[in-house]
Amino acid sequence: MERWTGPHRERRRRREPHPVQDFLFTYYSLRPAQLEQWQPGPGVRLLGDVRGFADRPGYRPDGAGVVLDPALLPERLHRTAGFVHGLVSATAARPARYGCFGLHEWAMVYRTDRPRHGAVPLRLGSAGTDAVVESIPVTCTHHDAFRFFTAAARPLNRLQPTREDQVALEQPGCLHATMDLYKWAYKLLPATPAELLGDCFALAAEVRELDMRASPYDLADRGYAPVRIETPEGRAEYARAQQGFAERAAPLRTRLLALCTALTDPVNGTLAHI
C-alpha cells in the first residue's frame, strides 16, 4: 500500500493537491496508516508472538494462538455487514450498463463558473463542456455521484438517484460502484482481511484514473492522456475499459459477500473466497 500512501504523504507534506489521487484519501476516509495495517480477518489462527493482536477487540485465545471471532465484534459491525451484503448482492445480480460514458464528472461542472477542480483547466472550455452534456444522454445510476451534479445538470439525468433507492439502482458497470467496494471493505474493519482491503483499493486506484481521464479536465501535464468521450471513438474506449473493470470487480464482490456472510451468519458462512 505504500505505493500509494507514500506519495500521498509526501504531497500532503508539501501541501500539493492532486486532482486524481487525493480522492482516494479524502472522499474515502480511511487513514493511510490504517490502509497499511495488516489484518488477518476471521478464520485465521495466529501463532507465535501474538501480543499485537491478543488485546484487540474481537480476538480470543485459540489453542496456541489467537483468532478473530466474529461473535465478539460490536453489533454495529454486524448491522453494517448486513447492509453491505444486501447492497453488493443486489448490485452483482444486475446486468452491467456501459453507456454512461463518465458524464457524471461533466455534469458536476455544467453551467457553473466554480468547477470542483478549479486549478485544472477544462479541455473544451466551459461552453464546449456544456455542449457535450447537452448532446449525450446522462444516465447516472449512482447517488453519491449524482448528488454532486450542478443544479442545472440534475434535470438532464434520466434518473434521480436518492440514498433510499441506492440498493434498487446500483449496477456493476458503474465506476463508482466498483470504487466503493473499497469503502465497503474498510467499513467492515477490523474483520476485513488486509489482502481483500488492498485488492479493493488497488482496483479503485485504477478506476479513479479512468474516471478522471474521461472527465472534462485537462490532466495531460500530469501524465493522464484523455479519453475523449465527446467522440464516438472515445466513448467506445471508455465502454471497453468500463467492462474490463466490471469483470475484475466481480470476484472482489464474491469475496466481500463471503466476509459479510461470515460476520452475519458465522455458523453457515464460508471463508473460502475471502
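1. Helices here are DSSP runs of H or I with at least four residues, numbered from the N terminus. By that rule H8 falls in helix α1, residues 2-14. The model is predicted, and the points below should be read with that in mind.

2. H8 is buried, its relative accessible area being 8%. Apart from neighbours within four places in sequence, H8 contacts D22, F25 and P32.

3. R15 sits in the loop between α1 and α2 (23-26). Its phi is positive, near 55°, and the residue is not a glycine. With 77% relative accessibility, R15 is classed as exposed.

4. R111 also deserves a look. This residue has a positive phi of about 50° without being a glycine, and its place is the loop between α6 (103-107) and α7 (125-135). R111 counts as exposed, at 57% relative accessibility.

5. How do α5 and α10 cross? The axes of α5 (residues 75-93) and α10 come within 10 Å, at a crossing angle of roughly 155°. Angles over 145 degrees count as roughly antiparallel, so α5 is roughly antiparallel to α10. The crossing is left-handed. On the α5 side the contact involves L77, T80, F83, V84, L87 and V88, and on the α10 side L181, W184 and K187. By class, these are seven nonpolar residues, one polar and one charged.

6. Helix α10 (residues 175-187) also packs on α11 (residues 194-213): their axes come within 8 Å and cross at roughly 150°. The two helices are therefore roughly antiparallel, and their crossing is left-handed. From α10 the contact takes in L175, H176, T178, M179, L181, Y182, A185 and Y186; from α11 it takes in L197, C200, F201, L203, A204, V207, R208, L210 and D211. The contact of α10 with α11 comprises 13 nonpolar, two polar and two charged residues.

7. The loop between α10 and α11 holds P190. The peptide bond from L189 to P190 is cis, with omega near 10°. I would ask that this bond be mentioned in the text.

8. What are the length and span of α11? This helix has 20 residues and runs 29 Å from its first C-alpha to its last, close to the 28 Å expected at 1.5 Å a residue. Of its 20 residues, 14 are buried, so α11 is largely enclosed by the rest of the structure.

9. Helix α11 also meets α12 (residues 232-264), with axes that come within 11 Å and cross at roughly 160°. These two are therefore roughly antiparallel, in a left-handed crossing. The α11 residues in contact are E195, L196, D199, C200, L203, E206, V207, L210 and R213; the α12 residues are E237, Y238, A241, Q242, F245, R248, A249, L252, R255, L256 and L259. Classed by type, the contact of α11 with α12 has twelve nonpolar residues, one polar and seven charged.

Conventions. Residues are numbered from 1 along each chain as its sequence is written. This is a predicted model: local features need pLDDT of at least 70, side-chain atom pairs count only at pLDDT 80 or more; totals for chains, interfaces and linings use all residues. Side-chain values use heavy atoms; hydrogens and water are left out. Axes are lines fitted to C-alpha atoms, for helices over the stretch in contact, and angles run from 0 to 180 degrees between N-to-C directions. Angles under 35 degrees count as roughly parallel, over 145 as roughly antiparallel, 65 to 115 as roughly perpendicular and the rest as oblique. A crossing is left-handed if the near helix is turned anticlockwise from the far one by less than a right angle, and right-handed if clockwise. Contact means heavy atoms within 4.5 Å. Ala, Val, Leu, Ile, Met, Phe, Trp, Tyr, Cys and Pro count as nonpolar, Asp, Glu, Lys and Arg as charged, and the others, Gly among them, as polar. The expected span of a helix is 1.5 Å times one less than its number of residues. Buried means under 20% relative accessible area, exposed over 50%, partly exposed in between (1.4 Å probe, protein chains only).
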